[in-house]
Amino acid sequence: MAHALADGRRTVLVVDRQTPVHGSTLASTSMLQHELDVPLSHLTKMVGPDHASRAWLRSARAVDRLVEIVQDLRINCGLTRKKTLFLAGDEYGARALKVEAAARQSIGLKADFLTGRDLRDEYGIDRTGAIASDVSASANPAQMAAGLLRASQRNGVEIVAETQISDVLSSGKDVVLSTSSGDLIAAEYAVFCTGYEFVEAVARKSHSIVSTWAIASKPGIPIPAWVKDHLVWEGSDPYLYLRCTQDGRLIVGGEDERDPEAYRSTGKLERKAKIIAEKVSDLLDVKIGRPDYAWAAPFGVTPTGLPMIGEVPGLPQVFVVMGFGGNGITYSQIAAEIVSNAINGHADSDADLYDLKPVRKNGL
Ligand SMILES: Cc1cc2nc3c(=O)[nH]c(=O)nc-3n(C[C@H](O)[C@H](O)[C@H](O)COP(=O)(O)OP(=O)(O)OC[C@H]3O[C@@H](n4cnc5c(N)ncnc54)[C@H](O)[C@@H]3O)c2cc1C
(Lines give C-alpha, C1' and ligand atoms only; values in the text may rest on other atoms or scores of the structure.)
Protein backbone atom coordinates (compact mmCIF):
# COMPACT_ATOMS: atom_id res chain seq x y z
CA MET A 1 0.00 0.00 0.00
CA ALA A 2 1.15 3.53 -0.65
CA HIS A 3 1.12 6.52 1.68
CA ALA A 4 1.77 10.06 0.41
CA LEU A 5 4.42 12.16 2.19
CA ALA A 6 4.23 15.95 2.51
CA ASP A 7 6.85 16.40 -0.24
CA GLY A 8 4.76 14.37 -2.71
CA ARG A 9 6.86 11.20 -2.52
CA ARG A 10 5.20 8.00 -1.43
CA THR A 11 6.18 5.37 1.09
CA VAL A 12 5.27 1.84 0.08
CA LEU A 13 4.46 -0.94 2.52
CA VAL A 14 4.25 -4.62 1.49
CA VAL A 15 2.10 -6.46 4.03
CA ASP A 16 1.86 -10.26 4.14
CA ARG A 17 0.23 -12.43 6.76
CA GLN A 18 3.16 -14.85 6.40
CA THR A 19 6.84 -14.46 5.61
CA PRO A 20 7.05 -13.30 1.98
CA VAL A 21 8.23 -15.86 -0.63
CA HIS A 22 6.27 -18.98 0.27
CA GLY A 23 2.99 -20.58 -0.83
CA SER A 24 2.25 -20.37 -4.54
CA THR A 25 5.61 -18.70 -5.21
CA LEU A 26 7.39 -21.79 -3.91
CA ALA A 27 4.88 -24.17 -5.54
CA SER A 28 5.31 -22.45 -8.89
CA THR A 29 6.92 -24.36 -11.75
CA SER A 30 7.94 -20.91 -13.00
CA MET A 31 7.59 -21.14 -16.75
CA LEU A 32 7.59 -17.48 -17.83
CA GLN A 33 5.33 -17.88 -20.82
CA HIS A 34 3.84 -15.38 -23.21
CA GLU A 35 1.34 -18.07 -24.23
CA LEU A 36 -1.92 -17.70 -22.33
CA ASP A 37 -3.87 -20.71 -21.02
CA VAL A 38 -6.56 -20.02 -23.64
CA PRO A 39 -5.20 -20.15 -27.22
CA LEU A 40 -5.51 -16.95 -29.26
CA SER A 41 -7.93 -18.52 -31.78
CA HIS A 42 -10.22 -19.67 -28.95
CA LEU A 43 -9.92 -16.46 -26.93
CA THR A 44 -10.90 -14.53 -30.07
CA LYS A 45 -14.22 -16.41 -30.10
CA MET A 46 -14.73 -15.63 -26.41
CA VAL A 47 -13.81 -11.95 -26.22
CA GLY A 48 -13.43 -10.75 -29.83
CA PRO A 49 -10.34 -10.22 -32.01
CA ASP A 50 -9.26 -6.84 -30.61
CA HIS A 51 -9.36 -7.95 -26.97
CA ALA A 52 -7.77 -11.33 -27.67
CA SER A 53 -4.90 -10.02 -29.78
CA ARG A 54 -4.11 -7.23 -27.30
CA ALA A 55 -4.08 -9.76 -24.42
CA TRP A 56 -1.63 -12.04 -26.26
CA LEU A 57 0.63 -9.18 -27.36
CA ARG A 58 0.65 -7.63 -23.88
CA SER A 59 1.66 -10.97 -22.44
CA ALA A 60 4.62 -11.27 -24.84
CA ARG A 61 5.75 -7.74 -23.94
CA ALA A 62 5.43 -8.56 -20.22
CA VAL A 63 7.79 -11.54 -20.49
CA ASP A 64 10.36 -9.39 -22.30
CA ARG A 65 10.01 -6.63 -19.70
CA LEU A 66 10.31 -9.02 -16.76
CA VAL A 67 13.46 -10.55 -18.23
CA GLU A 68 14.87 -7.03 -18.70
CA ILE A 69 14.10 -6.06 -15.08
CA VAL A 70 15.65 -9.23 -13.63
CA GLN A 71 18.76 -8.78 -15.80
CA ASP A 72 19.07 -5.05 -14.99
CA LEU A 73 18.85 -5.80 -11.26
CA ARG A 74 21.32 -8.69 -11.70
CA ILE A 75 19.07 -11.03 -9.72
CA ASN A 76 20.73 -14.41 -9.47
CA CYS A 77 17.78 -16.72 -10.15
CA GLY A 78 18.81 -18.93 -13.06
CA LEU A 79 16.83 -16.80 -15.50
CA THR A 80 17.11 -18.37 -18.96
CA ARG A 81 15.38 -17.46 -22.22
CA LYS A 82 13.45 -20.45 -23.60
CA LYS A 83 11.52 -21.54 -26.66
CA THR A 84 8.11 -23.12 -26.24
CA LEU A 85 6.72 -26.28 -27.76
CA PHE A 86 2.91 -26.53 -27.59
CA LEU A 87 1.99 -30.11 -28.47
CA ALA A 88 -1.24 -31.34 -30.04
CA GLY A 89 -3.43 -33.20 -27.55
CA ASP A 90 -7.01 -34.33 -26.98
CA GLU A 91 -8.37 -30.74 -26.76
CA TYR A 92 -6.34 -29.10 -29.52
CA GLY A 93 -5.34 -31.46 -32.32
CA ALA A 94 -2.99 -30.75 -35.23
CA ARG A 95 -5.67 -28.95 -37.28
CA ALA A 96 -6.54 -26.62 -34.37
CA LEU A 97 -2.85 -25.90 -33.81
CA LYS A 98 -2.38 -25.00 -37.47
CA VAL A 99 -5.22 -22.47 -37.14
CA GLU A 100 -3.70 -21.22 -33.87
CA ALA A 101 -0.24 -20.74 -35.40
CA ALA A 102 -1.78 -18.73 -38.27
CA ALA A 103 -3.76 -16.59 -35.78
CA ARG A 104 -0.61 -15.79 -33.82
CA GLN A 105 1.35 -14.97 -36.99
CA SER A 106 -1.45 -12.65 -38.13
CA ILE A 107 -0.91 -10.42 -35.06
CA GLY A 108 2.86 -10.46 -35.41
CA LEU A 109 3.82 -13.20 -32.96
CA LYS A 110 6.34 -15.72 -34.19
CA ALA A 111 4.78 -19.19 -34.20
CA ASP A 112 5.81 -22.11 -36.41
CA PHE A 113 3.44 -24.99 -37.00
CA LEU A 114 5.23 -28.35 -36.94
CA THR A 115 3.68 -31.44 -38.52
CA GLY A 116 3.84 -34.82 -36.80
CA ARG A 117 6.78 -35.68 -39.03
CA ASP A 118 8.67 -32.44 -38.18
CA LEU A 119 8.12 -33.21 -34.51
CA ARG A 120 9.47 -36.73 -34.81
CA ASP A 121 12.49 -35.62 -36.83
CA GLU A 122 13.41 -32.56 -34.75
CA TYR A 123 12.31 -33.59 -31.27
CA GLY A 124 11.72 -37.35 -31.32
CA ILE A 125 8.15 -36.79 -30.06
CA ASP A 126 5.23 -38.79 -31.34
CA ARG A 127 2.30 -36.33 -31.65
CA THR A 128 0.24 -35.18 -34.62
CA GLY A 129 1.62 -31.62 -34.55
CA ALA A 130 2.92 -28.73 -32.43
CA ILE A 131 3.57 -24.99 -32.37
CA ALA A 132 7.15 -23.84 -31.78
CA SER A 133 7.57 -20.28 -30.56
CA ASP A 134 9.98 -18.09 -28.65
CA VAL A 135 9.52 -15.14 -26.19
CA SER A 136 9.49 -17.34 -23.09
CA ALA A 137 11.85 -17.91 -20.17
CA SER A 138 12.22 -19.75 -16.89
CA ALA A 139 13.74 -18.93 -13.51
CA ASN A 140 13.90 -20.12 -9.93
CA PRO A 141 10.69 -18.45 -8.63
CA ALA A 142 11.78 -18.12 -4.99
CA GLN A 143 15.14 -16.54 -5.88
CA MET A 144 13.45 -14.23 -8.38
CA ALA A 145 10.73 -13.11 -5.91
CA ALA A 146 13.27 -12.64 -3.10
CA GLY A 147 15.58 -10.69 -5.43
CA LEU A 148 12.75 -8.39 -6.51
CA LEU A 149 11.70 -7.82 -2.89
CA ARG A 150 15.30 -7.03 -1.88
CA ALA A 151 15.61 -4.56 -4.75
CA SER A 152 12.35 -2.90 -3.64
CA GLN A 153 13.67 -2.66 -0.08
CA ARG A 154 16.79 -0.91 -1.37
CA ASN A 155 14.41 1.59 -2.99
CA GLY A 156 12.70 2.28 0.34
CA VAL A 157 9.85 -0.24 0.31
CA GLU A 158 9.09 -1.58 3.78
CA ILE A 159 8.09 -5.23 4.20
CA VAL A 160 5.79 -6.14 7.08
CA ALA A 161 5.44 -9.89 7.61
CA GLU A 162 2.93 -11.87 9.66
CA THR A 163 0.25 -9.21 9.48
CA GLN A 164 -3.17 -10.14 8.18
CA ILE A 165 -5.39 -7.49 6.60
CA SER A 166 -8.90 -8.24 7.81
CA ASP A 167 -10.93 -5.34 6.40
CA VAL A 168 -10.71 -2.28 4.17
CA LEU A 169 -12.71 0.92 3.91
CA SER A 170 -12.31 3.67 1.38
CA SER A 171 -13.56 7.21 1.90
CA GLY A 172 -12.60 8.34 -1.60
CA LYS A 173 -9.80 10.36 0.01
CA ASP A 174 -8.05 7.75 2.16
CA VAL A 175 -8.01 4.00 2.44
CA VAL A 176 -8.11 2.49 5.92
CA LEU A 177 -7.09 -1.11 6.46
CA SER A 178 -7.56 -3.05 9.67
CA THR A 179 -5.26 -5.85 10.71
CA SER A 180 -6.34 -8.98 12.55
CA SER A 181 -4.40 -7.75 15.61
CA GLY A 182 -6.64 -4.66 15.73
CA ASP A 183 -4.27 -2.07 14.24
CA LEU A 184 -5.36 0.40 11.58
CA ILE A 185 -3.25 1.42 8.59
CA ALA A 186 -4.15 4.59 6.72
CA ALA A 187 -2.94 4.78 3.13
CA GLU A 188 -3.45 6.72 -0.04
CA TYR A 189 -3.84 3.50 -2.08
CA ALA A 190 -4.10 -0.20 -1.32
CA VAL A 191 -3.34 -2.99 -3.78
CA PHE A 192 -4.47 -6.52 -2.87
CA CYS A 193 -2.14 -9.04 -4.54
CA THR A 194 -3.66 -12.01 -2.78
CA GLY A 195 -2.68 -14.66 -5.29
CA TYR A 196 -5.32 -17.32 -5.69
CA GLU A 197 -7.51 -16.02 -2.89
CA PHE A 198 -10.25 -13.96 -4.48
CA VAL A 199 -11.06 -10.74 -2.67
CA GLU A 200 -14.75 -11.19 -1.84
CA ALA A 201 -15.83 -7.72 -2.97
CA VAL A 202 -15.14 -8.67 -6.59
CA ALA A 203 -15.34 -12.47 -6.55
CA ARG A 204 -17.64 -13.94 -9.18
CA LYS A 205 -19.24 -17.34 -9.50
CA SER A 206 -17.40 -17.96 -12.77
CA HIS A 207 -14.05 -17.89 -10.96
CA SER A 208 -12.97 -21.15 -9.54
CA ILE A 209 -10.15 -22.77 -7.62
CA VAL A 210 -8.76 -25.99 -9.03
CA SER A 211 -6.08 -28.35 -7.67
CA THR A 212 -2.81 -29.00 -9.45
CA TRP A 213 0.22 -31.28 -8.96
CA ALA A 214 3.90 -31.13 -9.86
CA ILE A 215 7.12 -33.12 -9.49
CA ALA A 216 10.85 -32.43 -9.72
CA SER A 217 13.16 -35.24 -10.81
CA LYS A 218 16.64 -35.83 -9.48
CA PRO A 219 19.25 -33.49 -11.03
CA GLY A 220 21.29 -34.54 -14.04
CA ILE A 221 18.93 -37.21 -15.37
CA PRO A 222 19.47 -38.22 -19.02
CA ILE A 223 17.02 -36.14 -21.08
CA PRO A 224 17.10 -35.08 -24.75
CA ALA A 225 19.43 -32.08 -25.18
CA TRP A 226 16.70 -29.86 -26.72
CA VAL A 227 14.63 -29.95 -23.49
CA LYS A 228 17.20 -27.67 -21.80
CA ASP A 229 16.14 -24.66 -23.87
CA HIS A 230 12.42 -25.39 -24.23
CA LEU A 231 9.24 -25.14 -22.20
CA VAL A 232 6.79 -27.85 -23.24
CA TRP A 233 3.03 -28.03 -22.74
CA GLU A 234 0.14 -29.72 -24.48
CA GLY A 235 -3.38 -29.00 -25.71
CA SER A 236 -4.99 -31.66 -23.51
CA ASP A 237 -7.30 -31.71 -20.52
CA PRO A 238 -5.75 -32.44 -18.07
CA TYR A 239 -2.54 -31.22 -19.59
CA LEU A 240 1.12 -31.89 -18.91
CA TYR A 241 3.81 -29.22 -18.93
CA LEU A 242 7.53 -29.36 -18.26
CA ARG A 243 10.81 -27.56 -18.14
CA CYS A 244 14.37 -28.30 -17.15
CA THR A 245 16.35 -26.52 -14.41
CA GLN A 246 19.97 -25.42 -14.77
CA ASP A 247 21.15 -28.43 -12.75
CA GLY A 248 19.25 -30.78 -15.04
CA ARG A 249 16.13 -31.55 -13.01
CA LEU A 250 12.92 -32.02 -14.93
CA ILE A 251 10.06 -30.05 -13.41
CA VAL A 252 6.75 -31.41 -14.62
CA GLY A 253 3.22 -30.38 -13.68
CA GLY A 254 -0.38 -31.05 -14.56
CA GLU A 255 -3.21 -33.48 -13.77
CA ASP A 256 -5.40 -30.53 -12.67
CA GLU A 257 -8.77 -31.35 -11.07
CA ARG A 258 -11.73 -29.02 -10.71
CA ASP A 259 -11.90 -29.76 -6.98
CA PRO A 260 -10.47 -26.95 -4.81
CA GLU A 261 -9.69 -29.33 -1.93
CA ALA A 262 -8.21 -32.31 -3.83
CA TYR A 263 -4.68 -30.95 -3.46
CA ARG A 264 -4.83 -31.66 0.28
CA SER A 265 -5.02 -35.45 -0.17
CA THR A 266 -1.71 -37.24 0.43
CA GLY A 267 -3.03 -40.35 -1.37
CA LYS A 268 -3.78 -38.26 -4.45
CA LEU A 269 -0.36 -36.62 -4.29
CA GLU A 270 1.28 -40.03 -4.50
CA ARG A 271 -0.98 -41.21 -7.35
CA LYS A 272 -0.73 -37.98 -9.34
CA ALA A 273 3.07 -37.84 -8.96
CA LYS A 274 3.27 -41.36 -10.38
CA ILE A 275 0.96 -40.51 -13.32
CA ILE A 276 2.94 -37.33 -14.13
CA ALA A 277 6.25 -39.23 -13.99
CA GLU A 278 4.86 -41.95 -16.29
CA LYS A 279 3.40 -39.44 -18.74
CA VAL A 280 6.64 -37.48 -19.07
CA SER A 281 8.69 -40.68 -19.38
CA ASP A 282 6.41 -41.78 -22.25
CA LEU A 283 6.49 -38.38 -23.92
CA LEU A 284 10.27 -37.97 -23.88
CA ASP A 285 11.03 -41.68 -24.03
CA VAL A 286 13.28 -41.49 -20.96
CA LYS A 287 13.19 -43.06 -17.50
CA ILE A 288 13.04 -40.20 -15.02
CA GLY A 289 13.22 -42.44 -11.93
CA ARG A 290 11.69 -41.62 -8.57
CA PRO A 291 11.10 -37.84 -8.30
CA ASP A 292 13.03 -35.99 -5.59
CA TYR A 293 9.99 -33.80 -4.86
CA ALA A 294 6.24 -33.93 -5.44
CA TRP A 295 3.77 -31.25 -4.40
CA ALA A 296 0.20 -30.05 -4.87
CA ALA A 297 -1.41 -26.62 -4.66
CA PRO A 298 -4.66 -24.77 -5.30
CA PHE A 299 -4.88 -22.63 -8.41
CA GLY A 300 -7.38 -19.82 -9.24
CA VAL A 301 -8.81 -19.69 -12.76
CA THR A 302 -11.17 -17.53 -14.79
CA PRO A 303 -13.13 -18.73 -17.87
CA THR A 304 -11.07 -16.62 -20.31
CA GLY A 305 -7.75 -17.32 -18.58
CA LEU A 306 -7.37 -13.54 -18.20
CA PRO A 307 -6.73 -12.18 -14.71
CA MET A 308 -8.62 -9.44 -12.87
CA ILE A 309 -6.58 -6.29 -12.42
CA GLY A 310 -7.97 -2.90 -11.49
CA GLU A 311 -9.65 -0.56 -9.07
CA VAL A 312 -12.50 -2.17 -7.15
CA PRO A 313 -15.83 -0.61 -8.12
CA GLY A 314 -17.26 1.09 -5.01
CA LEU A 315 -13.85 1.14 -3.30
CA PRO A 316 -11.90 4.06 -4.77
CA GLN A 317 -8.08 3.82 -4.51
CA VAL A 318 -8.32 0.09 -3.70
CA PHE A 319 -6.93 -2.21 -6.40
CA VAL A 320 -6.94 -5.97 -6.76
CA VAL A 321 -4.70 -8.24 -8.76
CA MET A 322 -6.00 -11.81 -8.91
CA GLY A 323 -7.32 -14.76 -10.95
CA PHE A 324 -3.91 -15.58 -12.41
CA GLY A 325 -4.42 -19.13 -13.73
CA GLY A 326 -1.22 -20.75 -15.02
CA ASN A 327 0.50 -17.49 -16.02
CA GLY A 328 0.76 -15.78 -12.64
CA ILE A 329 4.28 -14.53 -13.09
CA THR A 330 3.67 -12.96 -16.49
CA TYR A 331 0.40 -11.47 -15.21
CA SER A 332 2.15 -10.07 -12.11
CA GLN A 333 4.34 -8.01 -14.45
CA ILE A 334 1.28 -6.77 -16.37
CA ALA A 335 -0.50 -5.97 -13.09
CA ALA A 336 2.51 -4.01 -11.81
CA GLU A 337 2.41 -1.88 -14.97
CA ILE A 338 -1.38 -1.35 -15.02
CA VAL A 339 -1.77 -0.56 -11.31
CA SER A 340 1.22 1.78 -11.14
CA ASN A 341 0.00 3.56 -14.28
CA ALA A 342 -3.44 4.00 -12.68
CA ILE A 343 -1.97 5.31 -9.41
CA ASN A 344 0.35 7.69 -11.24
CA GLY A 345 -2.49 8.96 -13.45
CA HIS A 346 -1.09 7.51 -16.70
CA ALA A 347 -3.38 5.91 -19.26
CA ASP A 348 -2.84 2.22 -19.99
CA SER A 349 -4.49 1.24 -23.26
CA ASP A 350 -4.86 -2.40 -22.15
CA ALA A 351 -6.37 -1.80 -18.70
CA ASP A 352 -9.84 -2.68 -20.05
CA LEU A 353 -8.66 -6.23 -20.84
CA TYR A 354 -8.56 -7.15 -17.18
CA ASP A 355 -11.58 -5.14 -15.90
CA LEU A 356 -13.42 -5.94 -12.68
CA LYS A 357 -17.15 -6.09 -12.12
CA PRO A 358 -18.66 -5.29 -8.73
CA VAL A 359 -20.56 -7.67 -6.52
CA ARG A 360 -20.47 -5.94 -3.14
CA LYS A 361 -20.16 -2.27 -2.26
CA ASN A 362 -17.66 -2.08 0.60
CA GLY A 363 -15.31 -4.17 2.69
CA LEU A 364 -13.31 -7.39 2.08
C1 LIG B 1 1.81 -25.63 -8.85
C2 LIG B 1 1.83 -24.27 -9.46
C3 LIG B 1 2.52 -24.07 -10.64
C4 LIG B 1 2.57 -22.82 -11.22
N5 LIG B 1 3.30 -22.64 -12.35
C6 LIG B 1 3.38 -21.43 -12.92
C7 LIG B 1 4.18 -21.23 -14.06
O8 LIG B 1 4.79 -22.16 -14.57
N9 LIG B 1 4.24 -19.98 -14.58
C10 LIG B 1 3.56 -18.91 -14.02
O11 LIG B 1 3.66 -17.79 -14.55
N12 LIG B 1 2.81 -19.08 -12.93
C13 LIG B 1 2.71 -20.31 -12.35
N14 LIG B 1 1.98 -20.48 -11.24
C15 LIG B 1 1.31 -19.31 -10.71
C16 LIG B 1 2.26 -18.35 -10.01
O17 LIG B 1 3.26 -19.02 -9.33
C18 LIG B 1 1.45 -17.53 -9.06
O19 LIG B 1 0.44 -16.89 -9.77
C20 LIG B 1 2.29 -16.50 -8.39
O21 LIG B 1 3.27 -17.07 -7.58
C22 LIG B 1 1.37 -15.68 -7.54
O23 LIG B 1 2.12 -14.75 -6.91
P24 LIG B 1 1.41 -13.69 -6.01
O25 LIG B 1 2.47 -12.97 -5.28
O26 LIG B 1 0.43 -12.89 -6.77
O27 LIG B 1 0.53 -14.56 -5.02
P28 LIG B 1 0.96 -15.49 -3.83
O29 LIG B 1 2.34 -16.00 -4.02
O30 LIG B 1 -0.16 -16.46 -3.62
O31 LIG B 1 0.99 -14.50 -2.64
C32 LIG B 1 -0.19 -13.91 -2.12
C33 LIG B 1 0.15 -13.48 -0.74
O34 LIG B 1 -0.92 -12.75 -0.21
C35 LIG B 1 -0.96 -13.06 1.17
N36 LIG B 1 -2.31 -12.71 1.62
C37 LIG B 1 -3.51 -13.12 1.10
N38 LIG B 1 -4.52 -12.54 1.76
C39 LIG B 1 -3.96 -11.73 2.69
C40 LIG B 1 -4.51 -10.86 3.70
N41 LIG B 1 -5.82 -10.70 3.85
N42 LIG B 1 -3.62 -10.20 4.51
C43 LIG B 1 -2.26 -10.35 4.36
N44 LIG B 1 -1.71 -11.15 3.43
C45 LIG B 1 -2.54 -11.83 2.60
C46 LIG B 1 -0.65 -14.55 1.25
O47 LIG B 1 -0.13 -14.87 2.53
C48 LIG B 1 0.39 -14.67 0.17
O49 LIG B 1 1.71 -14.55 0.66
C50 LIG B 1 1.90 -21.72 -10.61
C51 LIG B 1 1.21 -21.92 -9.42
C52 LIG B 1 1.16 -23.18 -8.85
C53 LIG B 1 0.40 -23.33 -7.57
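**Exercise 1.** Determine how H2 and helix H4 (residues 94-106) are oriented to each other, and which residues make the contact.

*Solution.* Step 1: the axes of H2 and H4 cross at roughly 75 degrees and come within 8 Å. Axes are lines fitted to C-alpha atoms, for helices over the stretch in contact, and angles run from 0 to 180 degrees between N-to-C directions. The helices (H or I, at least four residues) and strands (E, at least two) are DSSP runs, numbered from the N terminus.

Step 1: H2 is therefore roughly perpendicular to H4. Angles under 35 degrees count as roughly parallel, over 145 as roughly antiparallel, 65 to 115 as roughly perpendicular and the rest as oblique.

Step 2: H2 contributes Leu-40, Ser-41 and Thr-44, and H4 contributes Val-99, Glu-100, Ala-103 and Arg-104. Contact requires C-beta atoms, placed from the backbone, to lie within 7 Å.

Step 3: by class, this contact has 3 nonpolar, 2 polar and 2 charged residues. Ala, Val, Leu, Ile, Met, Phe, Trp, Tyr, Cys and Pro count as nonpolar, Asp, Glu, Lys and Arg as charged, and the others, Gly among them, as polar.

The model is predicted: local features need pLDDT of at least 70, side-chain atom pairs count only at pLDDT 80 or more, and totals for chains, interfaces and linings use all residues. Residues are numbered from 1 along each chain as its sequence is written.

**Exercise 2.** Describe the packing of helix H2 (residues 40-47) and helix H3 (residues 49-72).

*Solution.* Step 1: their axes lie 7 Å apart, at an angle of about 140 degrees. H2 and H3 are therefore oblique to each other.

Step 1: on the H2 side the contact involves Leu-40, Leu-43, Thr-44 and Val-47; on the H3 side, Pro-49, His-51, Ala-52, Ala-55 and Trp-56.

Step 2: these residues divide into 7 nonpolar, 2 polar and no charged.

Definitions and conventions. Two residues are in contact if their C-beta atoms, placed from the backbone, lie within 7 Å.
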